[in-house]
Amino acid sequence: MHTLSILAAGGGGDLIVGILIGGCLGVLIGPAFRAWQIRREWIDASREAGLTDQLLERIERDAEPDVWPLSELDDVSERTWRTRR
């Protein structure tokens, strides 16, 4: 009963053929599209993880204390600015 009303509304079998072709293409293309999206997200996440690693390395490098030779620390008066004469 419902099939006849679909055929009557479509004017023939063109509607049914279009639905069948669309369904088959959706079944074939759907998994490939999802796999492409997953791969793209994985690449973006890998790039962001690499940027985070670089940032953490820079933070660790900056957090390390600077070690000066003792000869530079001995004469502090030459490195400071005079405020009064």
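User: What makes Val-17, Ile-21, Leu-25, Leu-28, Ile-29, Phe-33 and Trp-36 a nonpolar patch on the surface?

Analyst: Keep in mind that this is a predicted model. To join such a patch, a residue needs over 30% relative accessible area and no salt bridge, and nonpolar side chains are linked within 5 Å. These seven names make up one such patch, with about 720 Å² of accessible area together. Take Val-17, which sits in helix 2, residues 14-63: its relative accessibility is 46%, so it clears the 30% cut-off.

User: Why is Val-17 called partly exposed?

Analyst: Buried means under 20% and exposed means over 50%, with partly exposed in between. Val-17 comes in at 46%, so it lands in that middle class.

User: And Glu-60, why does that one count as exposed?

Analyst: Glu-60 is also in helix 2. Its relative accessibility is 55%, and the cut-off is over 50%, so Glu-60 counts as exposed.

User: What makes Asp-53, Glu-57, Glu-60, Asp-62 and Glu-64 a patch of negative charge?

Analyst: Asp and Glu count as negative, and like charges are joined within 9 Å. These five residues gather on the surface in such a patch.

User: What makes the pattern α-α-α?

Analyst: The chain has three helices and zero strands, and reading along the sequence gives α-α-α.

Conventions. Residues numbered from 1 in each chain as written. Predicted model: local features only at pLDDT ≥ 70, side-chain atom pairs only at ≥ 80, totals over all residues. Heavy atoms only, no water. Areas by Shrake-Rupley, 256 points an atom, 1.4 Å probe, with all protein chains shown as cover. Salt bridge = Lys/Arg side-chain N within 4 Å of Asp/Glu carboxyl O. Helix = DSSP H or I, 4+ residues; strand = E, 2+ residues; numbered from the N terminus. Buried < 20%, exposed > 50% of the residue type's maximum accessible area, 1.4 Å probe, protein only. Charge placed at Lys NZ, Arg CZ, Asp CG, Glu CD.
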